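Reader: Hello! Could you take me through one part of this structure closely, with the cut-offs spelled out as you go?

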Amino acid sequence: MSKSERPNQIFRNLNAKIASIPMVLTALVVFVGGTAWTVLYSFTNSKLLPRLNFVGLDQYYRLWATPRWLVSIENLLIYGVLSLVFSLVIGFLLAALLDQKIRFEDTFRTIFLYPFALSFIVTGLVWQWLLNPDFGVQSVVRALGWTSFSFDPLYNSSIVIYGILIAALWQGTGLIMCLMLAGLRGIDEDIWKAARVDGIPTWKTYLFIIIPMMRPVFITTLVIIASGIVKVYDLVVAQTSGGPGIASEVPAKYVYDYMFFAQNLGQGFAASTMMLLSVMIVIVPWAYLEFGGRKRG
Amino acid sequence: MRYKVLTAAFAATVALNVAGPAAATDLEVTHWWTSGGEAAAVAELAKAFDATGNHWVDGAIAGSGGTARPIMISRITGGDPMGATQFNHGRQAEELVQAGLMRDLTDVATKGKWTEVVRPKSLLDSCTIGGKIYCVPVNIHSWQWLWLSNEAFQKAGVPLPKDWNEFVAAAPALEKAGIVPLAVGGQAWQSSGAFDVLLAAVGGTDTFLKVYKDKDAKFAAGPEVGKVFKAADDARKMAKNTNVQDWNQATNMVITGKAGGQIMGDWAQGEFQVAGKVAGKDYTCLPGLGLNEVIATGGDAFYFPLLKDADKSKAQEVLAETLLDPKTQVAFNLKKGSLPVRGDVDLNSANDCMKKGLAILAKGAVIPWTDQLLSQDSQKQKEDLFSEFFAKPEMTVEEAQKRFADIIASAD
């Protein structure tokens with residue numbers, strides 16, 4: 001009996017397995033293969049064309065001695081932390097407010113979600129104009145009478161990254177709000193009723209009951225926000241092209257510029273390997289806790 | 001009946017085929033000349049090539065060389081080469097040539113006696129790799145120009161400067177009149193290019209060559225280059241209120257009198273022409289910033305990828321010859337605002353500034369440009385440094401010079 005069942009294990013769900021072969025191959029060849037290839041060539045001195053001429057860790061030494069790369073990393077950290085915190089907080093607050101059974105909920109939802117329909121390029125261009133001191137917010141406020149008003153984040157090296165953050169939040173919080181709203185709607189009405197009977201204030205209910213119950217939604221949201229942070233590129237290109245100077249450079253832009261403009265593949269590969277490494281540092285412990293931990297428990 | 005009609009139709013097709021031009025070969029040419037004046041100039045090249053019985057398929061890529069070059073290179077390396085493509089002559093296509101992807105034009109060059117007609121000689125040198133010629137230079141663009149707005153200086157009540165030093169001295173008066181003394185756009189290549197111009201003008205030709213050609217890092221850290229960094233410091237102070245990105249927006253500030261001047265290549269002249277401004281009356285040009293009247297011989301060239309198709313290869317030769325034809329050279333360069341690569345053509349209709357350029361060229365006061373001397377990698381590092389230097393007032397001159405010397409030390 002058991003003899004005849006063994007091969008069946010392999011052929012169980014055969015259709016599903018055959019159907020997933022293309023994706024498995026794609027994952028292996030394109031993702032894993034491409035990654036391995038990139039890491040391998042990051043140890044070479046490839047210029048315009050990939051060449052297997054190994055130079056050890058030279059590309060990495062140069063990378064970490066480059067001011068522009070260090071500025072990029074710093075920017076990514078500032079942008080990442082703030083974008084994560086503000087997207088979640090604003091998104092959740094908007095969702096909670098919309099959840100108060102207000103009138104015209106659909107209208108508000110549409111308004112908040114609309115920016116998400118725009119690409120980062122369009123968002124960047126719009127905010128480039130809005131934050132331009134000669135045409136945007138500054139000139140409007142000055143025209144109203146406050147002539148000493150000054151607001152030009154995109155032309156000030158020390159705060160330019162916040163100018164980009166504003167645009168990113170404007171574009172992205174709508175989606176976070178929708179995800180949160182869906183999460184809130186998934187909470188059973190009875191929970192609310194029970195909390196009210198026990199006389200727990202609304203804010204406490206949100207903080208200690210609802211949010212912990214929304215854990216899966218928060219995790220999905222986190223993944224979506226985090227992946228958006230690491231790959232941020234087009235917004236910067238459209239809004240400031242890394243300027244003023246190199247004050248708003250980001251790692252993804254460094255990779256692209258050095259691979260294609262500077263014709264130095266090795267340096268670009270080294271930078272992208274570092275990006276991969278930083279993502280792994282965040283993802284691996286989290287995945288271990290999230291999936292590994294559950295099995296044991 | 002039907003059979004007869006079919007035969008007749010068939011015969012007609014055959015006849016048409018025979019009647020058509022026998023040697024009409026389509027050749028795709030990629031370039032990044034998309035602004036008004038540039039497109040008009042390219043049309044001249046296309047017209048000349050079509051007149052040879054072939055057909056120019058225009059493959060313009062918008063968004064300047066920085067955007068276009070990666071596309072061109074990936075088409076060539078990816079096995080989908082075009083018939084011919086623009087690059088700046090120099091080292092941009094060096095590795096493509098070394099990888100054997102580009103076509104050797106030595107035969108065509110010998111037949112057309114290019115070594116005799118192309119002037120200055122350095123142009124052909126940068127097309128030559130390992131004794132073989134791989135590209136056709138079509139024009140000379142020089143960076144060494146200071147464009148001044150006559151209107152701005154009138155408004156500020158100071159006489160028009162004759163060189164960089166007078167310009168720096170006039171800056172406070174311009175600022176008082178609410179004029180930005182020097183317009184430098186936010187794009188990285190602009191500040192980096194402005195420094196290179198200062199290096200050749202303030203430092204002198206020898207200094208320029210010692211740094212970029214000999215790559216003498218010790219010299220680059222020394223007092224001679226230090227003087228140039230002081231000048232660059234003046235420049236960034238004068239430019240701090242520019243607040244525009246693109247070079248033509250910065251040029252527009254000079255055209256409208258909002259800025260006193262701009263250090264920019266001769267392509268800026270096209271903008272002045274489009275705006276209907278007259279050289280000498282509305283604007284003034286100072287080659288070599290008025291200090292060291294040299295011009296660099298950067299510019300554009302056409303490269304020909306190696307093709308398997310024999311007809312197309314033949315057409316490539318025809319195109320290469322056409323590009324250097326005296327008539328094409330004149331028609332193209334007048335529209336482009338650049339200088340022709342042949343010394344034996346007549347350019348009477350050129351304006352004042354172009355004539356100044358031609359005179360310097362005739363004197364032989366030329367230097368090779370950074371495109372020819374440095375790899376793209378070193379150029380990019382330089383751009384990063386100078387865009388930071390110009391945007392960050394708290395970065396000291398000493399710090400910038402030290403980093404510059406480091407780049408030169410590792411330059412290739």
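Reader: How many bridges join strand S7 of chain B to strand S9 of chain B, and do the two run parallel or antiparallel?

Author: Happy to! This is a predicted model, in which local features need pLDDT of at least 70 and side-chain atom pairs count only at pLDDT 80 or more, while totals for chains, interfaces and linings use all residues. Residues are numbered from 1 along each chain as its sequence is written, with chains lettered from A and ligands numbered from 1 in the order in which they are written.

Strand S7 (residues 145–149) and strand S9 (residues 259–263) of chain B run antiparallel and are joined by 3 bridges. Helices (H or I, at least four residues) and strands (E, at least two) are DSSP runs, numbered from the N terminus, and two strands pair if DSSP finds at least two bridges between them. Within this pair, Trp147(B) stands opposite Gln262(B) of S9(B).

Both strands belong to an open sheet of 4 strands in chain B, ordered S8-S9-S7-S10 with mixed pairing. Strand S8 (180–182) and strand S10 (283–287) of chain B are at the edges with a single partner strand each, so one side of each has no neighbour in the sheet. From one strand to the next, the twist averages 20°. Across S7, S8, S9 and S10 of chain B lies helix H14 (residues 247–255) of chain B, running at about 140° to S9(B). For such angles, axes are lines fitted to C-alpha atoms, for helices over the stretch in contact, and the values run from 0 to 180 degrees between N-to-C directions. Contact here requires C-beta atoms, placed from the backbone, to lie within 7 Å.

Now for the wider setting. Chain B is assigned domain 1 (25–141 + 298–362) and domain 2 (145–296 + 374–410), with bounds that come from an automatic or database domain assignment. Their C-alpha centres lie 28 Å apart, and the contact takes 15 residues from domain 1 of chain B and 16 residues from domain 2 of chain B. On the domain 1 side, helix H2 (36–50) and helix H18 (352–363) of chain B each give two or more residues, and H18(B) provides the largest share, 6 residues.

Chain B also meets its partner chain: 19 residues of chain B are in contact with 22 residues of chain A. Helix H3 (64–77) and helix H20 (376–391) of chain B each supply at least two residues of the chain B side, with the largest share, 8 residues, coming from H20(B).

Technical notes. Two residues are in contact if their C-beta atoms, placed from the backbone, lie within 7 Å.
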